[in-house]
Amino acid sequence: MQWMSRLPRRAWLLIGYAAAAAALFSAPLYLNDFRLNLLAKCLAFAIVALGLDLLWGYTGILSLGHGVFFGLGAYAMAMHLKLAAGGSRIPDFMGWMGLTKLPWFWEPFKSFAFAAAMGLILPSALALLLGFFTFRNRIRGVYFTILTQALVIITVTLFVGQQAYTGGTNGLTGYTKLFGYSLTSGTAKTMAYLATAAALLAAFAVCRHLVNSRFGKVLRAIRDGENRTRFLGYDPAYYQMAVFAVSAGLAGLAGMLFVLHVGIISPTMMAIVPSIELVLLVAIGGRGTLIGAVIGAILLTQAKSQLSASYPDFWLFLLGALFIVVTVFMPGGIVGLIRQARQAILRRRSENEITLDSIVSKSNGVV
Amino acid sequence: MEIWISQLFNGLSVSSILLLIALGLAVTFGLMRVINMAHGEFIMIGAYGAYMTQQIFKSALPKSLFDAYFPVALLASFVLAFAIGYLLEVTLIRFLYGRPLDSLLATWGVGLMLQQLARTIFGAPNVAVSSPTWLDGGWALMPGVVLPYKRLFIIALVAFCLFAMYLYIYRSNAGRRMRAVMQNRDMAACLGISTRRVDAFTFAIGSGIAGIAGCALTLIGPIGPSIGTYYIVDAFMVVVLGGVGKLVGTVAGALGIGVFNTLFEWWTDASLGKVLVFLCIVAFLQWKPMGMFAVRSRSLDG
């Protein structure tokens, strides 16, 4: 352990990040297509988890509605892909439902740039709107959480009900190409993976910057004492709205990438259960730490793809048990466990050498 | 005119079921600040309790006694859900006081496991419970308007439960202790009330009422392992809209959501109706963020 302390902590962090980034970007070299696709899905979920972590881990607002924001991003991308696949014809399901002309709001999605922008703007705008009507009135805590869950229900019913415009329960699928390239080719898959990895790194960098900035400090202050923050002269509502919108935007970005890898989006993917699973990603990795959100997302998505296909019954029991175990026994998640272990080691070492620090920490332990 | 009456009756019928489900939620949330996401699964437990009672009556008792199964089933559902609720409080919920969001996640996990357990025991497909013959038919109020006895019975059942809850909360010693804990937990504890016991008992009662709701739902349609999830979010919206801590708030919230849901779905369609109700709730919360009837307290974070 001695050699570790020669370099400053910051340098170690940088080396760790660089190694992780290198591993991510070289993944196409050592993973087969199936594994790469799975990893790409994990990374997309990691982006949502980052956003949720900003909201829940750092600001203390639990949203069970991130499936909706994820879904909105996914639908925006899917609409573009659907139009690109159909060429000049209208999408097949519209024909079945008796539409003869493309609805006006589908028209601009022919442009990729517009679709990509909408994939970010729509979720953020919806979050901003909902935040405006709740946070300003100090509707918070569980009340807010329940409202986000209701948002999920109505969005899903709306998407299922308006079949002619959204594809109903089947959702949107059957894409063939993006920018004129076939989506099924190996190169396209690799490119999509690399785009996701780059997006994750960018999202991580942005979140890290936000968390370490003054803005991030106010967020943590709101989490730990909303009224105290208010009395210090900050208006929590604006910070909450802002972080909710950023978080929703990240979910939208993840949704757009997810559609590229999976090739389908349907209302079931934004329903209540997937939304709450997103929260579990953060909880299991460790809320309040960005790297925890990423680790949790990658681990849980991998586990889900391994187990839910082969043992579907067992998977649901496990999922339920995970919710209970994580909240009751390890509120800090995996990262929290690692931290505890490290502190235990440090404490054992410092018991031998009496320092000022150890005296302070011991006396704190008594209180 | 006829259609108005039958739509309003439908709304009332929806409200009554929502109310039965939300009653337990409002009490546990108001008292313990615990969000019980597994509440829907207690409905499921009640429904399967009724199903099992019926199976026993079918196989073990003479056919002439079959119609008597329903009162027995009501009782059995209540007792079963009460017992499981008590068990859940003692083993899990009490570790989560003061952490409402964590309690939400943990109970969601409990709900998932209970659902999967039901799927393992009873199978994934829905099962039908044949309702007693004395509830067949309906009351012809006027030409073109027939009020089914089943719905009327459910409304009466809800009224009965409401009255019993009222007596319990406002007219009994146990209820007085419960209100004391709800209003000021520390003070109540100082005065010698065992808050632990009050918590466990209240949680169990809330679960038991959900069991009755499940039993009532068997009259309306087939039941399945995920029956609770259809109602749970609406029931929570009732609590948010009605406010916490007063029975009358829950009643008003359930009536508002049930009736407006039915009316909006009648005027537009099922999917738009739900959206409109949600928008109305958010709009209403602009005016009264704590719901219709909130207990006022001087604590800032109360």
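Chain B exposes about 13200 Å² of surface, and carbon and sulfur atoms supply 68% of it, where accessible areas come from the Shrake-Rupley method with a 1.4 Å probe and, for residues, only the protein chains shown count as cover. For chain A the accessible surface comes to about 17400 Å², of which 66% belongs to carbon and sulfur atoms.

Before I go on, please keep in mind that this is a predicted model, in which local features need pLDDT of at least 70 and side-chain atom pairs count only at pLDDT 80 or more, while totals for chains, interfaces and linings use all residues. Residues are numbered from 1 along each chain as its sequence is written, chains are lettered from A and ligands numbered from 1 in the order in which they are written, and side-chain values use heavy atoms, with hydrogens and water left out.

Let me stay with chain B, whose secondary structure comes to 11 helices and two strands; helices (H or I, at least four residues) and strands (E, at least two) are DSSP runs, numbered from the N terminus. Of its 302 residues, 51% are buried, and here buried means under 20% relative accessible area, exposed means over 50%, and partly exposed lies in between, with a 1.4 Å probe and protein chains only. Along the principal axes, the C-alpha trace of chain B spans about 55 × 50 × 35 Å.

Chain A, in turn, has 17 helices and four strands, and 48% of its 367 residues count as buried. Its C-alpha atoms fill a box of roughly 80 × 50 × 40 Å, again taken along the principal axes.

If we leave aside neighbours within four places in sequence, Tyr193(A) is in contact, meaning heavy atoms within 4.5 Å, with residues including Leu24(A), Pro28(A), Leu36(A), Leu43(A) and His261(A).

Finally, look at Leu8(B), which has its place in helix H1 of chain B. Is this residue buried or partly exposed? Leu8(B) is partly exposed, because its relative accessible area is 40%.
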